[in-house]
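I opened a new model today and kept notes as I went. Here is what I looked up, entry by entry.

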Amino acid sequence: MISGGFSLEVFKQWAPSEINLVTLPGYCVAGTIGHKLMSGKPTGIDLDKDTHIDVRCQIHQLSFSPHTDAKGIMDLVGLLSPHHVILVHGEKPKMALLKGRIQTELVEDKKEAEGILVMDKTKRAKIVCENELMLKLGVEEHGVKFAYCCPVYIDFHEQTSHQLASGSCVALENENSSLEAARSPKCSSLQILHRRLESQICCKNLKGNPDYLKLNSITIHSCSRNFCPYRTREENGGRSMQYFCCSWSPVDQDLAWKLISVMKGSDTSLAQDICRMQEMP
């Protein structure tokens, strides 16, 4: 700004000659020699009542500043969301204007957000959500899930009653044909399980379709594999068991094991716990 020091001493020597060039980079505060030169080339400048400088040199202004501009400050404050912002080194009217912008645009309408800070191709920092980042990187989402192949005992009478209730039985000619119908694939073990759980659990969130049952992240479907990797050796008391593969996310770990206990019939008192867990916000 040529307000003093070495720059002022050099300007005194260079200003009187037309072959010299003075380049002013960036902003100059009003009242300084630099501001007078940028406002219009003067023929002379009075430093004080005893010192006058003839100005015949060339004057050039270069748009450069080591400090960020108002937009850069707004972007920085918006990115960091600090609790306090202190404005220094500037003219009071412009600092007051910037203070007003920060208060109205970044404080009063402040919104919290979670994301991942990344650097884009233009070397600018930006915050993106997890799904957007995975899309940009071209990677698939990976999640942790638990699985268990649950044994459930379903007797013949339960199968027959479910067929009659669901209307899946046809008019039969004799008792032998009734036995064959009850063992037919039309009698879905998944449907029987769904009906059993509905009668024991007062839960409206349990959804069912022909392929699986759904409760939050818990998915249940019939397992017909002889050697399921999620099945453990358990005593069945000589009874024929139906197996259902259950999978769930870690957030539903407790709920899943309570539901499995009800499915196995080992602790039907947990049905009320499941209802309470579903009613929690």
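**Entry 1**

Is Gln 200 buried, partly exposed or exposed? I looked it up: Gln 200 is partly exposed, because its relative accessible area is 31%. For the cut-offs, buried means under 20% relative accessible area, exposed means over 50%, and partly exposed lies in between, with a 1.4 Å probe and protein chains only. I found Gln 200 in helix 8.

**Entry 1: ground rules**

I noted that this is a predicted model, where local features need pLDDT of at least 70 and side-chain atom pairs count only at pLDDT 80 or more, while totals for chains, interfaces and linings use all residues. Residues are numbered from 1 along each chain as its sequence is written, and side-chain values use heavy atoms, with hydrogens and water left out.

**Entry 2: the whole protein**

I counted 10 helices and 11 strands in the protein. Both are DSSP runs numbered from the N terminus: helices are H or I with at least four residues, strands are E with at least two. The protein has 281 residues, and 28% of them are buried. Next came contacts, meaning heavy atoms within 4.5 Å. Among contacts with a separation of 6 or more, 58% join residues 24 or more positions apart. The protein exposes about 20100 Å², and carbon and sulfur atoms supply 53% of that area. Such areas come from the Shrake-Rupley method with a 1.4 Å probe; for residues, only the protein chains shown count as cover.

**Entry 3: the record**

I checked UniProt. Its unreviewed entry lists residues 1-37 as "domain: Beta-Casp". UniProt positions are given in the numbering used here, feature names are shortened, and annotations may be inferred rather than shown by experiment. In the model, the span 1-37 is 38% helix and 14% strand, and its end C-alpha atoms lie 10 Å apart.

In what order do the five strands of the open sheet lie? I read the order as 7-11-10-9-8, with antiparallel pairing. Strand 7 (146-153) and strand 8 (207-208) are the edges, since each pairs on one side only. Two strands pair if DSSP finds at least two bridges between them.

I then followed strand 9 (residues 213-215) and strand 10 (residues 218-222). Three bridges pair them in the antiparallel sense. Lys 214 stands opposite Thr 219 of strand 10, and Leu 213 stands opposite Ile 220. The two strands form a hairpin with two residues between them, and Asn 216 in the turn has a positive phi of about 55°.

Strand 10 also runs antiparallel to strand 11, with four bridges joining them. There His 221 has Cys 245 of strand 11 as its bridge partner.

**Entry 4: helix 9**

How many residues does helix 9 have? I got 12, reaching 17 Å from the first C-alpha to the last, close to the 16 Å expected at 1.5 Å a residue. The expected span is 1.5 Å times one less than the number of residues. Its buried residues include Leu 255, Leu 259, Ile 260 and Met 263. Just after helix 9, Gly 265 takes a positive phi of about 75°.

**Entry 5: Cys 150**

I looked up Cys 150, which sits in strand 7. Cys 150 is buried, because its relative accessible area is 0%. Leaving out residues up to four places away in sequence, Cys 150 touches Gln 242, Tyr 243, Phe 244, Cys 246, Ile 260, Met 263 and Lys 264. Cys 223 lies 73 residues from Cys 150 in sequence and 9.1 Å away in space, C-alpha to C-alpha.

**Entry 6: positive phi**

Most residues other than glycine have a negative phi. Ile 2 lies in the segment before helix 1 (6-14). Ile 2 counts as buried because its relative accessibility is 8%.

Ser 81 went into the notebook too, with a positive phi near 45°. Ser 81 is in the loop between helix 3 (70-80) and helix 4 (92-107). Its relative accessible area is 33%, so Ser 81 is partly exposed.
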